[in-house]
Amino acid sequence: MSHHPEVPEIRSFVELFSQAAKDRNHQKLKTVYDNWSKVTEKYFKQSEWPTAKAMSSLADDPVFVMLYKEFYFRHLFSKLYSFVTLEQRFESWENYSNIFKPVSYTHLRAHETGRNLVC
C-alpha cells in the first residue's frame, strides 16, 4: 500500500488539515488533531508520514506546514524513536521553536476579523 498523498483517505485528510489551517478554523483543526492518531494507526503504524515537503503539492500555507511538521515529528518520536536522525532532531527543534516565536501586534491586527479580535 502506498503511504503518499495519492491514497484518497490521506489526501482528503491532509486537504482538510490544510484548509483548516489556512482558514485558521480552530474547530476543524481540533477535528484534525483528534483524527490524526486514527489515520496514523491505519496507514503509518510502523512507518513515517510523508514529509512536509512531500505534502507541499497539497498545501503550502505556512501555518499548515508548521503544524504538519509538529505532528510528523511527534509521530517519529513516539513510534519510530530509534530511527530518528540527528538532522530530524534539529529540524524538529527548529519547527517547535518557530511555533512559539513572538508575533507582532501589527501582524495580528492585519489578520483581525470580527470573529477573531485582537485586544
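Ser92 sits in helix H5, which covers residues 86–99. The model here is a predicted one. Overall, the chain has six helices and zero strands, so reading along the sequence gives α-α-α-α-α-α. Of its 119 residues, 31% are buried. Among contacts with a separation of 6 or more, 59% are between residues 24 or more positions apart.

**Ser92**

- Ser92 counts as buried because its relative accessible area is 13%, and the cut-off for buried is under 20%.
- Setting aside neighbours within four places in sequence, Ser92 is in contact with Phe73 and Phe77.

**The aromatic residues**

- There are 19 aromatic pairs in the structure.
- One of them is Phe13 with Trp49: the ring centres are 5.9 Å apart and the planes are at 45°, so this pair is tilted.
- That pair links distant parts of the chain, with Phe13 in helix H1 (residues 8–23) and Trp49 in the loop between H2 and helix H3 (52–55), 36 residues apart.
- Both Phe13 and Trp49 are buried.
- Tyr33 and Phe71 make another tilted pair, because their ring centres are 5.6 Å apart and their planes are at 55°.
- Here too the pair links distant parts of the chain: Tyr33 belongs to helix H2 and Phe71 to helix H4, and they are 38 residues apart.

**The nonpolar core**

- In soluble globular proteins, nonpolar side chains tend to be buried together.
- In this model, the largest nonpolar core has 26 residues.
- Inside this core, the residues with the most contacts are Ile10, Val14, Phe17, Trp49 and Tyr68.
- H1, H2, H3 and H4 are the elements that give two or more residues to the core.

- H4 provides the largest share of the lining, at five residues.
- By residue type, the lining splits into three nonpolar, four polar and two charged.

- Most residues other than glycine have a negative phi.
- Arg24 is not a glycine, yet its phi is positive, at about 55°.
- Arg24 is placed in the loop between H1 and H2.
- With a relative accessible area of 35%, Arg24 is partly exposed.

Technical notes
Residues are numbered from 1 along each chain as its sequence is written. This is a predicted model: local features need pLDDT of at least 70, side-chain atom pairs count only at pLDDT 80 or more; totals for chains, interfaces and linings use all residues. Side-chain values use heavy atoms; hydrogens and water are left out. Helices (H or I, at least four residues) and strands (E, at least two) are DSSP runs, numbered from the N terminus. Buried means under 20% relative accessible area, exposed over 50%, partly exposed in between (1.4 Å probe, protein chains only). Contact means heavy atoms within 4.5 Å. Ala, Val, Leu, Ile, Met, Phe, Trp, Tyr, Cys and Pro count as nonpolar, Asp, Glu, Lys and Arg as charged, and the others, Gly among them, as polar. Rings of Phe, Tyr and Trp (its six-membered ring) pair if their centres lie within 6.5 Å; planes under 30 degrees apart count as stacked, over 60 as edge-to-face and the rest as tilted. A nonpolar core is a set of buried Ala, Val, Leu, Ile, Met, Phe, Trp, Tyr and Cys residues joined through side-chain atoms within 4.5 Å.
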